[in-house]
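Me: I would like a close look at one part of this protein. Please start with the whole chain, then zoom in.

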Amino acid sequence: MNQITKVSVVRSLRSDPHAEIESLRQQLREQQAAREQQGRLLASVLHDIRSPLNVILVASQIMGDPNVRLERRERNGRLLREAATSINTLCQDVLDFSKLSAGQMELSEQVFHVRDCLFNTTEGLRLIAEKKGIQLRTFVSPDTPTHLVGDPGRLRQVLGNLLANAVKFTDAG
């Protein structure tokens, strides 16, 4: 492949060397921008995966305590499932990135229960907030529709990121 490129460059340089050099510079800039975008994606993925992993760590520690009541264990079991679902969704997002780059990204369109989605998302982060001495409360306006059509996984991801940052950067409250 390099030989073909070199032949192409040699042929192009004969016709307009300044244009060819500028074209090569533009290609280098585009490749650099793509590498930077990949770096930002990786940083974002690592950031997004930390919150559900922290939920798993804290919930599993609590579940390992023999003095924890059964209802608390059941709650933590739900939190573990939600955190695992978040990680699975994130992995799917990474796979979807290639579709997005190719212009083939599709959002899920399904009916989902808004309050369940919101409460389940905040419940997992509540453990981390409590460990820091922070109160995390969820309030859903009575005017909010019970069900929506959309992508609940994306909503959980965005809300989870916002709440994870709020907990991370709040010292008390």
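How many helices and strands are there in the chain? Then take L90: is L90 buried or exposed, and which residues does L90 touch?

Reply: This is a predicted model, where local features need pLDDT of at least 70, side-chain atom pairs count only at pLDDT 80 or more, and totals for chains, interfaces and linings use all residues. Residues are numbered from 1 along each chain as its sequence is written, and side-chain values use heavy atoms, leaving out hydrogens and water.

Start with the whole chain. It has five helices and two strands. Both are DSSP runs, numbered from the N terminus: helices are H or I with at least four residues, strands are E with at least two. Along the sequence the order is α-α-α-β-α-β-α. The radius of gyration, taken over C-alpha atoms, is 24 Å.

Next, burial. Buried means under 20% relative accessible area, exposed means over 50%, and partly exposed lies in between, using a 1.4 Å probe and protein chains only. By that rule, 27% of the 173 residues count as buried.

Now zoom in on L90. This residue sits in helix α3, which covers residues 70–101. L90 is buried, because its relative accessible area is 6%. What does L90 touch? Leaving out residues up to four places away in sequence, L90 touches V45, D48, I49 and Q157. A contact here means heavy atoms within 4.5 Å. Across the chain, take the contacts with a separation of 6 or more: 78% of them join residues 24 or more positions apart. For scale, L70 is 20 residues from L90 along the chain, and their C-alpha atoms are 30 Å apart.

C91 is partly exposed, since its relative accessible area is 40%. A disulfide is a covalent bond between the sulfur atoms of two cysteines; the search asks for a pair of cysteine sulfur atoms within 2.5 Å. The sulfur of C91 has its closest cysteine sulfur in C117, at 19 Å, so the two are too far apart for a bond. C117 counts as buried, because its relative accessibility is 5%.

Notes:
Rg over C-alpha atoms; globule rule 2.2 N^0.38 Å.
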